Amino acid sequence: MIAQLKSAGMTVAEYLAWEAEQPIKHEYIDGEVYAMAGATLPHNDIALNLYSLLRSHLRGQGCRVNVSDAKVKVSEQGPYFYPDLVVSCDQGDRRAIEAIQYPCLIVEVLSPSTGAFDYGQKFQFYRQIPTLQEYVLIDATQIRIDRYTKNAAGKWELTAYPEDGGDLEDCPLELSSLDFRCSLGLIYEDVELKGDPNFGIE
């Protein structure tokens, strides 16, 4: 959740050293760093619901599931982002300390101020990560999830949820990269929604 420009002209090494001493998180794009705004409670609840489900599903499989305090490194030159949830099953990330570099799944829970960026420029950056197989955007104001999956030809395909407007318990989200399936009701469990129909739409 990028809030505002804080500095300019930093190298990656300077950013990593500086960021380690900051009381709040900052993302890094092309030499500039951006402060991260705080999340709403629905935003936080959704991320933790999905984290709990994935953590249980992946236990013992050699994968790591991290939430918003974990950086993702797109390349050696950056950018560096803090997604709401990231999963890596790559051995190269098993002992990572600074950032995840080989994710298979990235999830962003949308905020009104950053929804367009998450759908647009951020997704363009994420698509540069060779190991990434799925990118999921979850609305925090209404029941809506967009799942982008990379097919065998390297093209990204969109599946929108709910597909038929039926009961949330009968409407499953499938994450093929992790052989995972759960109802939308579990993802939105105990979440208070604002119901803004224009949220996250550019």
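Which residues do ring pairs link into a cluster?

Modeller: Bearing in mind that this is a predicted model, the cluster linked by ring pairs consists of Phe81, Phe117, Phe123, Phe125, Tyr126, Tyr135, Tyr148 and Trp156, and the structure as a whole holds 10 aromatic pairs. One of these pairs joins Phe81 and Tyr126 in an edge-to-face arrangement, with 5.5 Å from centre to centre and 75° between the planes. This pair links distant parts of the chain, since Phe81 belongs to strand β6 (residues 80–81) and Tyr126 to helix α4 (residues 121–126), 45 residues apart. Phe81 is buried, its relative accessible area being 0%, and Tyr126 likewise counts as buried at 0% relative accessibility. Tyr126 also pairs with Tyr135: their ring centres lie 5.3 Å apart and their planes meet at 65°, so this pair, too, is edge-to-face. Tyr135 is itself buried, with a relative accessible area of 0%.

Another member of the cluster, Phe123, has a charged neighbour, for Arg127 lies over the face of the Phe123 ring, at 4.5 Å from its centre.

Turning to the nonpolar cores, the largest has 28 residues, whereas Tyr135 is included, together with Val74, Tyr119 and Ile129, in a second, separate core of 18 residues. As a general background, nonpolar side chains in soluble globular proteins tend to be buried together.

Technical notes:
Residues numbered from 1 in each chain as written. Predicted model: local features only at pLDDT ≥ 70, side-chain atom pairs only at ≥ 80, totals over all residues. Heavy atoms only, no water. Core = buried A, V, L, I, M, F, W, Y, C linked by side-chain atoms within 4.5 Å. Buried < 20%, exposed > 50% of the residue type's maximum accessible area, 1.4 Å probe, protein only. Phe/Tyr/Trp six-rings, centres within 6.5 Å; stacked < 30°, edge-to-face > 60°. Helix = DSSP H or I, 4+ residues; strand = E, 2+ residues; numbered from the N terminus. Lys NZ or Arg CZ within 6 Å of the ring centre and 35° of its normal.
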